[in-house]
Amino acid sequence: MRKVMTGNYASAYGAKAARAEVIPAYPITPQTSIVEKLAEFVSTGELKAKFVPVESEHSAMAACVSASILGARTYTATSSHGLALMHEVLMWASNARLPVVMTNVSRAMAPPWSVWADHMDSVAERDTGWMQFFCESNQEVLDTIIMAYKVCESRGIMLPAMIIEDAFILSHTSEPVDVPDQDTVDSFLPSYDPEIKLEIGKPMGFGSLVRPDQYMEFRYKSMLAMREARDRIVSVEDEFRQAFGRSYGGLLDEYMCDDAEVALVAAGSVAGTVRTVVDKLRAKGMKVGLARIRAFRPFPFQEFQSLAGRVSGMAVLDRSFTHGAAGAFFTEIQGALYDAPKRPAMKNYIAGLGGRDITPDVIEGIFEDILVRCERGSDPEPEWLDVAGLPRRRS
Amino acid sequence: MSRVTIPEVEHAYPGSTGCPGCGANLVMRYLLKGLGERTILTIPACCWAVMPGYWPSHCLKVPMVYCAFEATGASLSGIRAALDMKGVEDVTVVGFAGDGGTVDIGLQALSGAAERGTDAIYVMYDNEAYMNTGIQRSGATPWGAWTTTTPVGSSRDYKREPKKDIMSIMEAHGIPYAATVSVAHPEDFVKKAKKAKDARGLKFIHALSPCPPGWKMNPMKTIEIARLAVDTNVFPLYEVENGRLRITKKGKGLPIEDYLSTQGRFRHLTEEEVKRMQESVDSSLKALEEREAREG
């Protein structure tokens, strides 16, 4: 069924299609319409679930964790400061190997207050052991929630996943979205039946104390699970494509990269703008492409090594900044390419913080600059684009 | 005929890693005697997060979730929601937390669970300081007590603030049942646990839990000191059922010195300070008795 809906409603419809059973939630701008819609679904009986109106995001994730230990499929949604408040409990979910799925409406961190798109909140949680999927469209948001449950609940994986949609640009913008048929979703995603869960009559401790001679084995197994998730994400997406006719390019979604001289790496909603700029420049005969980070965790190491072998220049656009270093996408790609047989010229571009528009002009400017870099070599300094007082890069 | 007046069945086995004379061991033991085997525990950071033993050991006969320090109330709501979705009704869900995890860092989540009316029992075992981390003051440390963060040096920086009144805070949420219990009065304890189990909504149990290392007391005197707390009216035993208060065990009205002198943490107090504590205890008891008379 095709409906016109916002990214937030796409999240709510995704959780409903996946038959989430326990939904603890706390409101934050711009996530609110996700939990409002889910409260409505539960209230009308369209979704058979328990909506738990908790008093904080920390409690939202803590309730997800405990419900998940009992074998319930759980979902919640948050944004920026709410995600930061959850930080501790995010690790409870991943370290306890619980397949919680959550939407994060990616938004800037204060001060100064900003409710607009920015990836700092999501990037700051990259080390918590969650899978992270950046989405480009509302349809991808809905579809990725369904796929994420299937990946997360796989026996060898059992890890949580964060579905990231950009504040307002996706969360509050309406697009036509296909809401998949429930029977097809049900046959694609069976009900959650974990191998180990808390049961009455089976006295076990979930999260006991371990000694230094025991702890590392737990983390090693988490590492193996996240490694396995790389292949599982691809195979689940393939199954999804067969069932629903849509797919999104695996961990690193390439557009016009096969014969590209330079590629722009980006994540989230800006990828849509980059595609139109690629089309425009291609029409002028410029060999440019887009490599969209779809999964930031697990990180697409092999995909980047493969891309590096084909392009001479790689521009990395970060919508966040790790102070004292550079954009997180950039430093991680640099690390991934250290032992690549061929390394392109690279440069980091910082843009769009706090919801500043990343216009086609700005993107065209990046492509022009990175084409020059192919001759001159990498630039070690990240360039902040479209900032007052700095030279403006315009095509 | 058996002379034992509480259930003989054990759901807490020996082998916990608690200190000798630990009151919290008995709080768990009596609680589970009252609640039975169809119980799920959620326990945040506190002594009892360590006491079940190193993985894969587990000294309890009931399953247990370990939760984040400040998250017990939220964990209760999550567990109850999952049981509701699975159609399980005959299971008692219990949050079991120390005083710091309750009156300080966990107060927000507990308040949330109470306001949401989560059907669960929250037990605070109160050893009156952060004992698992080594005796630091909490909001539940009584006026006058020494702890490592309220040291009694030349400036006599013992705890200068009164103990947070968690029973009143919980009552103010309009919860169906709240009670104080003592390990020196197991019949009263078990009866209250059963009452809490049968009421619907969030129930609160405040258990005084003597701590030999933290209170600087003789580990052989746990029961004696717990009994003195009741008999000196430092810790009156009462319950509040649907807003009506009833004192369940009358103390003997012994002077507070009898209780304070058993513990090194009060050793520094002057006669004047002890007198002040006696006055405070007397007025608290008077308020309880007056209220009981009004509501009884």
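Me: How many helices and strands does the secondary structure of chain A hold?

Reply: Please note at the outset that this is a predicted model. The secondary structure of chain A comprises 12 helices and 16 strands. Its radius of gyration is 21 Å, close to the 21 Å that the globule rule gives for 395 residues, so chain A is as compact as a globular protein of that length. Taken along the principal axes, the C-alpha atoms of chain A fill a box of roughly 70 × 50 × 45 Å. Of its 395 residues, 55% count as buried.

Me: What does the secondary structure of chain B come to?

Reply: Chain B has 10 helices and 8 strands. A compact globule of 296 residues would have a radius of gyration near 19 Å, and the 18 Å of chain B agrees with this. The C-alpha trace of chain B spans about 60 × 50 × 45 Å along its principal axes, and 53% of the 296 residues count as buried.

Me: Among contacts between residues at least 6 apart in sequence, what percentage join residues at least 24 apart in chain A, and what percentage in chain B?

Reply: In chain A, 81% of such contacts join residues at least 24 apart. In chain B, the share is 67%.

Me: Let us turn to sheets. In what order do the 6 strands of the open sheet in chain A lie?

Reply: The general idea comes first: strands of a sheet pair through backbone hydrogen bonds, either parallel or antiparallel. In this case the order is β10-β12-β11-β14-β15-β16 of chain A, and the pairing is mixed. The edge strands are β10 (252-255) and β16 (383-384) of chain A, each of which pairs on one side only.

Me: In which sense do β15 and β16 of chain A pair?

Reply: Strand β15 (residues 345-350) of chain A and β16(A) pair in the parallel sense, over 2 bridges. Within this region, Tyr349(A) stands opposite Glu383(A) in β16(A).

Me: Which strands does helix α9 of chain A lie across?

Reply: Helix α9 (residues 270-283) of chain A lies across β10, β11 (262-266), β12 (288-293) and β14 (313-318) of chain A, and runs at about 165° to β12(A). Helix α10(A) also lies across β10, β11, β12 and β14 of chain A, running at about 25° to β10(A).

Me: Which residues of α10(A) are buried?

Reply: The buried residues of α10(A) are Glu303(A), Phe304(A), Leu307(A) and Ala308(A). Seen down the helix axis, these buried residues fall within an arc of 135°, so they line one face of α10(A). They pack against β10, β11, β12, β14 and α11 (328-336) of chain A.

Me: How many residues does the contact take from each of chain A and chain B?

Reply: The contact takes 36 residues from chain B and 38 residues from chain A. On the side of chain B that touches chain A, the elements giving two or more residues are β1, β2, α2 (72-85) and α4 (107-116) of chain B. Helix α2(B) gives the most, with 11 residues. The residues of this side of chain B divide into 22 nonpolar, 9 polar and 5 charged.

Me: Which strand of chain A pairs with β2(B)?

Reply: Strand β9 (residues 205-206) of chain A pairs with β2(B) in the parallel sense, over 2 bridges. The bridge partner of Gly205(A) in β2(B) is Met64(B).

Notes. Residues numbered from 1 in each chain as written. Chains lettered and ligands numbered in written order. Predicted model: local features only at pLDDT ≥ 70, side-chain atom pairs only at ≥ 80, totals over all residues. Helix = DSSP H or I, 4+ residues; strand = E, 2+ residues; numbered from the N terminus. Rg over C-alpha atoms; globule rule 2.2 N^0.38 Å. Buried ≥ 20, exposed ≤ 12 C-beta atoms within 10 Å, placed from the backbone. Contact = placed C-beta atoms within 7 Å. Nonpolar A, V, L, I, M, F, W, Y, C, P; charged D, E, K, R; others polar. Pairing = 2+ DSSP bridges. Axes fitted to C-alpha atoms, helices over the stretch in contact; angles between N-to-C directions. Arc of directions from axis to C-beta.
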